[in-house]
Every structure is written in C-alpha cells, then in structure tokens.
Amino acid sequence: MLQRCILRLYHVLALVLCVSAREDFDWTKNERTSFYYSTFPTGFSWGAGSSAYQTEGAWNTDGKGMSIWDAFVHKKGKIFLNDTGDTSCEGYYKFKDDITLMKDMKLNHYRFSISWPRILPSGLKGEHINEKGIKYYDDLINMLLDNKITPIVTLYHWDLPQVLQEKYGGWQNVTMVNYFNDFANLCFERFGNKVKYWITFNNPWSIAVEGYETGEHAPGMKLKGTGAYKAAHHIIKAHAKVWHTYDMQWRSKQKGLVGISLTADWGEPVDITNQRDIEAAERYIQFYMGWFATPIFNGDYPQVMKDYIGRKSGQQGLGASRLPVFSPQEKSYIKGTCDFLGLGHFTTRYVTLKNYPSGLGDSYFADRDLAELVDPKWPDPGSEWLYSVPWGFRRLLNFVKTQYGNPMIYVTENGVSEKMLCTELCDDWRMQYFKDYINEMLKAIKDGVNVKGYTAWSLLDNFEWDEGYSERFGLYYVDFRNKNKPRYPKASVQFYKRIISSNGFPNQREVESWKRKAVETCSSSNQLLAADPLIGHMEMVTEIVVPTVCTLCILLSAVFLMFLLRGRI
Ligand code: NOJ
C-alpha cells in the first residue's frame, strides 16, 4: 500500500514537472550543421523491429483466429498484385534463425508485436485462450533473453481480431477499450515477468486515418471526416486504460514500462519567416503526432485541432464538433499515461497553407487545410512518400522535448526502402540514410533530448501493407520467390554493426572506411542470391521431379513384370 502511494506521488510529481517544463519550439532556428563525430551515452540501446502480420505468416495455423488484415488482403484489389501476408517471411517457423541474425549484429533489443487473434482467436479473453499461440511468443521471448536481447513488445500493430470488426465495427466502437484491456492484461499476466518494455499501440494515426478515413488499410472503411476521429478517441482511451491496468496491477511486481509508439514525419514551414507557414507546419505536426501525444502528455487534444475541426463543423451546420470531446475526468485519467514515448520517423515535408475549397466535403485533410511540398533534390530511393531528409529528425526530436516535457524516448522505427525489382544487396543509399539519420539523433541528444534507444526498421524485408512485397525496408533481404524464404544480409547489416560496436561515430577516418568494408562483403551475398533461382530449381528437381520419375519407373517395371509373367503362363 505504502509502495503504491509512493509510486502515485512520484507520478503526480513527474506530471507536475512535465507540464511546467513545457517550452515553446523555436521555428526560426534550423541549424543544419556538418557531420558530428562522437559517441552515444553508455547504455544506449540498439535494435531492429518487425511486426506480427508483416513477418509471421502462419495466418491460419495452430488455432490462430482471423485478423482484419487476413480478411482485407483476401479481397481482390486491395493490395498491390493481390499479395497477402499468409506466409510472408515464415517468421513463425524461423524465429530461431532470426535471433541468430540479431545476435550476429549484437543487437541490444528486438521490437516485435503480438498478434491478438493468435492468442485470442475470437478476440475475447473470456472465450478461448490459444495456448499454442502463447507458447510461440513465450519461446520467442525466452530465446531472446537467453541471447541477451531485450524484447520490446507492441500489443497492437494493426491486426484486430476480425470477429471484433464484424460484431462491433472495430475501433468505431468504444467496447474495444475493454476488450483490448483484457487482451493486454493477459499479456502482462503471461509474459510480464520477462517483458519490461510494452508499447500499447503502433502508429495510431495510421490505424485511424488509413483504416477508417481513406480505407487504404484494413478494415478499409471510408468514413470521411468522422471515422478517424472516433477511432482515435477510442484508441487513446484504450491506451490509457491499459497503462492504468499495468500501473495498478503489475508495475510493483514486474517493474516494467508502458508507452505508445507514435509515427510522425517532420513538417517544416516553406518559409520560416512567414507566420502563416509556421502555423501550417505546426498544424501538420499537431494533426499527426499531437493528436495522440497532447492528450497523453498534456491532457487534451491540441487546441488547433479543436479550433479547426470545431469551426469547420460549425460551418457545415453541425450542432457539435466532429472531434469528440473528453470529459474532465477522462482528461485527468489520460494525462500522464506514458512511461516512455516510442517514436517512428521516416521523412519530412515542407508545409504551407492550402485554403481547401469548401464543397469538397468533410475530411481529415480538409480540416487540417495544408499543402505538402518536397524538395526535388531530396533523395527518394524507395517508397514514393519517403524522401531522405535527416535534419528533419533532429527538429522532430527537439519538438517532442519542448512540447511534452522532455520525455524518455525510444526511437521505435526509422529506415528506408528500395523498389521491388531491386535485388541489389549493396544498399549504398540505406547506409547513407542510417548514417545521416542516426547522426542527427546524436545531435539531438547533444541538444538535451532524452533518447535512450534506436530501432532500425526493419530486421527483414516483409509485407509492406497495401504495397505488398513491392517495398523492401529490411536490413536482410528475403527471397519471397523461394518457399523457404531465405534471408541474405544487405551491406547495411555490416554498416549498422559498426555503428553498434562503436556506439556511434568515433572519428572520420574510421567511419569513412565502414561503407567500403561493407560493400566488400555484400558482393559475395549478391552472388549467393543470384544463384538462388538455381537453388530453387534444384529443390524442385529433388522434391518433385525425382520422386515422380521414381514412381513412374516402379509402376512401369510392375506392368512389364506382369506381362512377362503372363507370357510365361
Ligand atoms: C510504419 C509502420 O508501423 C510499419 O509497419 C511500416 O512497415 C513502416 N511504417 C514503413 O512504411
């Protein structure tokens, strides 16, 4: 009891300090300094990430239930080339091999997610617990720990049980809050003695906007101007409830931390001397990360969201804002429910005011009313939306520091893709991306931002949602044509390994030699990959052709023998 009171007092104090520590972000100061040779604080954690649906495969194996992604990908026309995650990287079967890869890189942590329907096939704790699913995650966690790799576990990386979507409308329905809490509670009960870092939701922006506004992601709903706000409202409540459950029931025994992982691109004003551009850029960030971070750290939605959505709703003659409202009790319940902030970051945009023509109908995009621009000089090696703009990362990290009272941050995703047809393992552009982005993170730490760990996205090439397998983010290349899904190291594996073993960038001479050395090793992997169709061909010969020919031979000999015997009789 006394321990609980002290813990509570500690949280209240931490909250007061956080709120009072809120500062203004200086939009006009955009330092773009040269490369910074130095190392990270001792104990800085280096890792790589994945998620269940993107890598596990085994979509209907060992009692797993259907998720909204299983249902979505099996509808024609939703995913590039109608690809599915049915088998993906076969991570469900190959996790031991994958841990060997992590060990070889000397990773300190591995971020993965638990598939809710794999352990609760109908979504509900009261109905059926799939022990085979629990065993899979137990084995994975045990083996990580045996290899001194800390598991960072996400509870929701987008794969809601399909039953909950069908029966209740998924995140449109507030009942998800309790169901998600039950699922999380089960995870704390079964895995919490070993897992000390929990992430409730991965990138809720995407769940809300792509799942319920544009419909590009599962469950594919297009509820423009309302669906995303409602989904987000319930997600924030669910996050807070799970944090409180951990705080009340598990923290004192298990001594872990519960955070959320928000993804945010940086928005830079087109002209930093123009107030309207600064306001547009700030709106971009507030409608992205602030939508979730501000209630969780400061107690309510960003003022600018309330103003803009409220005004637009009024102009449409609606009696109330399309942005739901938290009651005073809810605000204080939600505020402060984050032990660390997980941050996913990939790219940057220049932002300016758009003046959306009225009459285009309601939408999240009309509400925030801005235009995004890119500099044609920015490199864009892979995904259409992903431009490499390293300085934006430092800006974003400093923004988080000023707005949310300098919270403890784990970078939960950062990385770059390449195009589908690229089978080049000497991924020069990825090494450059990691080098520059990680360096900007180092500068941010020098600025005083409290970053404790970094997670490269992703360990393996995997199922990139609506883009199928056409965008490869992995440090390891996965040959999806081969049913064994072999992994091949890209040059960036060697490069990342050097950053990890040096804990940063010790000096110019050394760092400059890393790329050269990495490229030397990747050409032999390239040859192996090039030989892979041959290997696949040979496998076909041994697995299909040889047994068929043998069977035919046996049959023919039997027939021949029969004729021979008949002739004699
Ligand atoms: C963020 C998502 O969380 C992850 O699943 C995805 O693969 C990356 N973005 C890259 O698009």
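Predicted model: local features only at pLDDT ≥ 70, side-chain atom pairs only at ≥ 80, totals over all residues.

Residues are numbered from 1 along each chain as its sequence is written, and side-chain values use heavy atoms, with hydrogens and water left out.

Let me start with the ligand. Around the ligand are Gln54, His157, Trp158, Asn202, Phe346, Trp385, Glu413, Trp457, Glu464, Trp465 and Phe473, each with a heavy atom within 4 Å of it. By class, this shell comprises six nonpolar, three polar and two charged residues.

Which polar side-chain atoms lie by an oxygen atom of the ligand? Asn202 places one at 2.8 Å, and Trp465 places one at 2.9 Å. For Trp457, a side-chain N or O atom is 3.1 Å from a ligand oxygen. A polar contact here is a pair of N or O atoms within 3.5 Å. Of the 300 Å² of accessible area that the ligand has on its own, the protein covers 94% (Shrake-Rupley method, 1.4 Å probe).

I turn to the domains. The assignment, automatic or from a database, gives domain 1 as 53-532 and domain 2 as 542-569. Their centres, taken over C-alpha atoms, are 58 Å apart.

Finally, the cavities. On a 1 Å grid over the protein atoms alone, a cavity is a set of points where a 1.4 Å probe fits but cannot get out, and lining residues have an atom within 4 Å of a point. How many cavities of 30 Å³ or more does the structure hold? There are four. The largest cavity has a volume of about 150 Å³, counted as the space filled by probe spheres set on the points. Its lining consists of 17 residues, with Ser50, Thr55, Gly91, Tyr110 and Tyr136 nearest the centre.

How values were computed. Polar contact = N/O pair within 3.5 Å; in protein donor to acceptor, adjacent residues only side chain to side chain. Nonpolar A, V, L, I, M, F, W, Y, C, P; charged D, E, K, R; others polar. 1 Å grid on protein atoms, 1.4 Å probe; cavity = no way out; pocket = protein on both sides within 12 Å on 5 of 7 lines; lining within 4 Å.
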